[in-house]
Amino acid sequence: MQTRYSFGGDEHIFVEVDEEMSLEAFFKSLSMTNAVRESGIAGITEICPANASFQIKFDPDVIAPQDLMAELKGFEAAAEKADKTIETRIIEIPVLYDDPWTRETLMRFRERHQDPSSTDLEYAARVNDYPDVQSFVAAHAASPWFVSMVGFVAGLPFTYQLVERAKQIEVPKYLRPRTDTPRLTVGHGGCFGCIYSVRGAGGYQMFGVTPMPIYDPSGKISYLKELMIFRPGDIIKFRSVERAEYDADVAAIDEGRFEPKIVSVPFSLDAFTADPAGTNAKLLEALNG
Amino acid sequence: MADRSFEVVKPGLATTVQDLGRPGYYHLGLPLSGAMDRFALIVANRLVGNEDGAAGLEAVFLGPELRFSLDALVAVTGAELPPKLDGIEQPLWTAFAVKAGQVLSFAFLKSGARAYIAIAGGIDVPEVLGSRSTYALGALGGFEGRALKAGDVVPLGTPSGAGCEGATLPPEGRRPVQANGVEIRVVPGLYWHRITEGAQAGFFEDTWKVAPEADRIGYRFRGGKKLDFVPREQPFGAGSDPSNIVDSCYPYGSIQVPGGTEPIVLHRDAVSGGGYFMIGTVISADMDLIGQLQPHQPVRFTVVTMEEALQARAVEKARVQELDQSIGG
């Protein structure tokens, strides 16, 4: 891992912990942003952790850019030695894969795709060496995913599947971003999954939709009183559902009866690295009782 | 109709309630929002006796038509979108009185893109996370989280009484018009090293044109040469296109170039992160300028150092600090 520091104009510092994605890079970035927050350096206005990088926004009238840069570099050594265990939670997300809405949308933007002759799911299954869409979906829903960043739009989680690197799903983003994506689309770009919290532009391949809102600007949905559900460090388990269950979930949400399945769990990067399958089995046991 | 309010007769193209923004939630994907031309909103507020951060309206390209329920003091700044009161044209950058029942409308846009309409007392929609700004993509803040619609009745606050009719900011107090075409200053950085030296030079040599896809999230440009990438094996997780990176945060003003073809400068409603590489960042002093660009308008990007960026920032800050002296009337 080689950490790289760069100014983003006169109001941001961008720190790339590593060029490539790994949970080690995520945990180092998380440690550094925690250290920045605890330092209480005057002039810092936003602290934004990302997958393998982070960004600080600051007021250069309060702290000189070079001075802040020097302070940030000072946090790096300690972050490498920091404990890589967090208390977190696992959240189940029902998904209707290959749904009519993402299918309609992907057909509308076919000329922006690498392979205009197949669907996003067919393309992703093929480039990841799965024999068919069904087995690809099974792998997508089998192992849990780690929320390594929240952003793009309000409350959108970027998710990283908890499997060995050889088993990671990797797909390119659209050649040119779409101007439309259905709300609650489950997408994928690079090695990252995501759930689009709102309708809008997007560049990720589209695999399905969840009936479960993850952002509610009105704060009316019971589990979205704080407007959004996800924070970096959360763990997601997707569960493939049929149309009937999807419709029932949508109705339950509309009537205020839907309660997401959420269980508190610890996560240790060292334990996961030593035994991915065993760690996942424990996470799923905690979720499913 | 509420006691202190105006009714939207015609909404314009995309008229939103904006103040100076909602800092502190970018890590959750909620951008700053607020006026794209912050200087223009501050001036409009000063002219009617409001606090700098009071909420006003941002009208883009086409002005709204508003009927007032009460006597009010109004000022319009920013784009050259001439206001009319019951059909009679009123001066820009100047506070004018509106009588109860009168209709404020606008002539066609002459230059710029966004006009700011301040009303003494400010717009009194509820604060959400500390701001009245509209973040339409997230349906948050402003008037019901969206652009205004015909029939909306928008509540107003109580005037401070400090504003007076005829208060005006003469042209010399405003940002000077760039005589030789628009230049936008950029500090290269972020993933600047990903493109070849030829592409780096070409980006600053070429004339770019604002694309039709230009909004509060970002301004897209086209017409320059495609950027060539330094060859590399793509890092794990980034995706296979050379313009892909492992998804990171995006600075406000950062310039991403998907596929190396059409640069996008992120603005006040920025997406907070994503997987396209960025070649640098527009300096804070020039962000207002971008908010006044029209589609098809030619621009050039110029390279500056951090020192020059800070000097430019000081110039813009001084312009705001001198407002009390420069406003006459």
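The largest nonpolar core has 156 residues, and those with the most contacts inside it are A:Phe267, B:Phe6, B:Phe68, B:Phe221 and B:Phe301. A nonpolar core is here a set of buried Ala, Val, Leu, Ile, Met, Phe, Trp, Tyr and Cys residues joined through side-chain atoms within 4.5 Å; buried means under 20% relative accessible area, exposed over 50% and partly exposed in between (1.4 Å probe, protein chains only). Leaving aside neighbours within four places in sequence, B:Phe301 is in contact (heavy atoms within 4.5 Å) with B:Ile184, B:Val186, B:Phe203, B:Phe204, B:Trp208, B:Phe221 and B:Val265. A second, separate core has 31 residues, including A:Phe136 and A:Ile221.

The model is predicted: local features need pLDDT of at least 70, side-chain atom pairs count only at pLDDT 80 or more, and totals for chains, interfaces and linings use all residues. Residues are numbered from 1 along each chain as its sequence is written, chains are lettered from A in the order in which they are written, and side-chain values use heavy atoms, with hydrogens and water left out.

| Item | Value |
|---|---|
| Residues in the contact | 59 residues from chain A, 52 residues from chain B |
| Buried area | about 4,400 Å², 59% of it on carbon and sulfur atoms |
| Salt bridges | seven salt bridges |
| Polar contacts | 28 residue pairs (both at pLDDT 80 or more) |

Buried area is the accessible area (1.4 Å probe) that two parts lose on being put together, summed over both. A salt bridge places a side-chain nitrogen of Lys or Arg within 4 Å of a carboxyl oxygen of Asp or Glu. A polar contact is a pair of N or O atoms within 3.5 Å; within protein, one must be able to donate a hydrogen and the other to accept it, and residues adjacent in sequence count only if both atoms are side-chain atoms. A salt bridge joins the side chains of A:Glu19 and B:Arg232 (2.8 Å, N to O).

Helix H1 of chain B (residues 38-47) is mostly covered, with eight of its 10 residues buried; among them are B:Phe39, B:Leu41 and B:Asn45. Helices (H or I, at least four residues) and strands (E, at least two) are DSSP runs, numbered from the N terminus. Just after H1(B), B:Gly49 takes a positive phi of about 85 degrees.

In chain A, helix H4 (residues 100-108) holds A:Thr102. A:Thr102 is buried, with a relative accessible area of 2%. Not counting residues up to four places away in sequence, A:Thr102 touches A:Pro182, A:Thr185, A:Met206, A:Gly208 and A:Val209.
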